[in-house]
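Thanks for coming. I will go through one structure today, a few places at a time. Please look at the model first.

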Amino acid sequence: MIAIIDYGVGNLFSLTASLRYLGAEAVVTGKKEDIEAADRIILPGVGAFEDAIAKLRDTGLVETIVNETAKGKPLLGICLGMQLLFQESREYGVHEGLGLIKGVIAPIDEDLKAEGIEGLKVPHIGWNALSFESDEPLFKYIKQGDCVYYVHSFYGKDCEESIIASSMYGIRITGAVRNGKVYGTQFHPEKSGEVGLNILKAFMEV
Amino acid sequence: MITKRIIPCLDVRNGRVVKGKNFEGIQDVSDPVEMARFYNREGADELVFYDITASVEERGLFTDILKRVASEIFIPLTVGGGINTLEDFDRVLKCGADKVSVNSGAIKNPDIIERAAKKYGDQCVVLSMDIKRVDGDFKLFAKGGRENTGVDALQWAKDGVERGAGELVVNSIDTDGVKGGFDLELQSEIAARVNVPIIASGGAGKMEDFSDLFKHKGMDAGLAASIFHYKEIRISDLKSYLKSQGVEVRL
C-alpha cells in the first residue's frame, strides 16, 4: 500500500487516479499509523514552500516520514513535495526543508538572468525532454528524451550528488533527485501521460 | 527544451461533445470520454473542456464526465465555461481539472482572477479572452463574442496577468472559423505585453498555420476544435510535420 500524505496542499485527484489506474492500492492519509503500515510514501504538493512546510509540520508527521525513510522505506516527493525534501528554499525568504536531499531550492528567473538568458517565461510550464542516469530504477520503463510535464518557478540546485535527471530550460533544471530510496521529481508524473505512468510504475517496484 | 503544445478543445453540452459529427476512427464521436481517449492516443498535449450547458442537471453530468476523463487520461486538463466564483473553481478542481479557464466571469468580476490565483496558485488560473478589431483597436468581447465590452483587450490581458492569471487563451473572433491562419498580429501584440504562456486560438485551417504560429516569438500553444474533430488535421500528423519544420514537439 502507498500512503499519500495529506497535509491540505494540492489536488490529489490525478495522483490517486493514476495509482489506481496502475492497480496500486493507495490511501490519502494524515495518520501516522497509515504511513508506518504503508510500504511506500508519496509526498505531493503545489503552492508556496513556506506555507506547505508549515502545514506539513503542523500535521506532526515529519518525524514519522523521516524515521520511515531512514528505515529504507521508499518515498517519492512530487513537485513542491520534492522541493520540501531539500535542505532549504529561497522562495520569498529562506526556509528550512526536511533535509533529506542535500541542496537548495532557488528561483529560476534569477539564474536565467545571471546566465544572461532572455526570452524564457517563468513559470516553466509544459512538456520538456528528460535526460537521466541510465541505471536509475525509476526510469527503467522510459527512454532518454521522453517528455514530462512541469509547472514551477523554483528549482533544485547545488544537489549534484543527488541529481538523477534533468531538463534544459536555458539552464539545466533539476528533473529528479535520489538519496538512497528517497526520490523526488520536479515534474508531475501523474500528468505526464504514459511516460509518467511508467515512472510511477517503476517507483512501485523500487 | 520546452515543447510547443497542441491542444484540442471540446465543447460539451448535455454530456455530449458538440461538433462531434463526421469523425472517423472512433466509435462514439459525441462521447467526451471516447474523444479524450482518442486525442490522448494521438498525442494531444492537453485537453480543454468547455461546459456549455445551461441547467444544474447538465452541470452534474459535466462533472461526472470530467471525473471519468481524469480517471484514465493523465495529461493536463483545463476546464472552462460557467466559471464565476471560487466555488466553481473548487467544483471542477475536485473532479480532476488541473487548470480553470475564466472568461465572462472575469469580465463581470475581475477579482475572481486574484482570489483564485491566491487560493490555487497562478498556474491554475487561465484567462480566456475573445477579441475582435473595432475601428482598428482590439476590443474585448463578452457573451461568447456577441457583445463588445468596450474594454481595450491588450490592456485587459496585461491586467489579467498582473492579477495572477498564469496563462492566457487568446481567441481572435476575426480569424475564428475562417481557417486562414491564426491572428498573428493580435497574438504578437499580446505576447509583447505579458510574460506568461499564450495559447493561441482561432483561425487554424492547415498544418502550416501552426508552424507559422510557432515561428512567432512568445507563442507556446495552439488550440483548435473543429479541424481536429472533423479530422481535417490529425494531431499525430501535425506533430510530425512540426518536427520536420524544426519546431520542438512532444512525440
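Let me start with a pair of residues in chain A: A:Met168 stands opposite A:Arg172 of strand E13(A). Before I go on, this is a predicted model, in which local features need pLDDT of at least 70, side-chain atom pairs count only at pLDDT 80 or more, and totals for chains, interfaces and linings use all residues. Residues are numbered from 1 along each chain as its sequence is written, and chains are lettered from A and ligands numbered from 1 in the order in which they are written.

Back to the strands. Strand E12, residues 163-169, and strand E13, residues 171-179, both of chain A, are paired antiparallel over six bridges. Helices (H or I, at least four residues) and strands (E, at least two) are DSSP runs, numbered from the N terminus. Two strands pair if DSSP finds at least two bridges between them. The hairpin of E12(A) and E13(A) has one residue between the strands, and A:Gly170 there takes a positive phi near 75°. E13(A) also pairs with E14(A), again in the antiparallel sense, over four bridges. One bridge there links A:Val177 to A:Gly184 in E14(A). In this second hairpin two residues lie between the strands, and A:Gly180 has a positive phi near 65°.

There is also an open sheet of four strands in chain A, with mixed pairing and the order E6-E5-E7-E11. Its edge strands, each pairing on one side only, are E6 (95-96) and E11 (154-157) of chain A. Strand E5 of chain A, residues 86-89, is joined to E6(A) by two bridges, and the two run antiparallel. In that pairing A:Ser89 faces A:His95 of E6(A).

Now the annotated part. The UniProt annotation "domain: Glutamine amidotransferase", from an unreviewed entry, covers residues 4-203 of chain A. UniProt positions are given in the numbering used here, feature names are shortened, and annotations may be inferred rather than shown by experiment. That span is 28% helix and 32% strand, and its end C-alpha atoms lie 13 Å apart.

Which residues does UniProt list for "active site"? The unreviewed entry gives A:Cys79, A:His188 and A:Glu190. They span 112 residues in sequence, yet no two of their C-alpha atoms are more than 10.8 Å apart, so they gather at one spot.

Take A:Cys79. It is in the loop between strand E4 (75-78) and helix H5 (80-84) of chain A. Buried or exposed? A:Cys79 counts as buried because it has 24 C-beta neighbours inside 10 Å. The cut-offs are these: buried means 20 or more other C-beta atoms within 10 Å of the residue's own, exposed means 12 or fewer, and partly exposed is in between, with C-beta atoms placed from the backbone. Leaving out residues up to four places away in sequence, A:Cys79 touches A:Gly45, A:Val46, A:His152, A:Gln186 and A:His188. Contact means that the C-beta atoms of two residues, placed from the backbone, lie within 7 Å.

A:His188 is in the loop between strand E14 (182-185) and helix H7 (193-203) of chain A. A:His188 also counts as buried, with 24 C-beta neighbours inside 10 Å. Among the residues that A:His188 touches, beyond four places in sequence, are A:Ile78, A:Tyr149 and A:Gly196.

On to chain B, where 23 residues are in contact with 25 residues of chain A. On the chain B side, nine of these are nonpolar, seven polar and seven charged. Here Ala, Val, Leu, Ile, Met, Phe, Trp, Tyr, Cys and Pro count as nonpolar, Asp, Glu, Lys and Arg as charged, and the others, Gly among them, as polar.

Chain B has ten helices and eleven strands. Of its 251 residues, 51% are buried.

Last, helix H10 of chain B, residues 235-244, in which B:Ile235, B:Leu238, B:Lys239 and B:Leu242 are buried. Why are they on the same side of H10(B)? Because they cover an arc of only 95° around the axis, the arc being that of the directions from the helix axis to the C-beta atoms. The buried residues of H10(B) pack against strand E1 (5-13), helix H1 (32-42), helix H8 (207-215) and helix H9 (226-229) of chain B. Just after H10(B), B:Gly246 takes a positive phi of about 85°.
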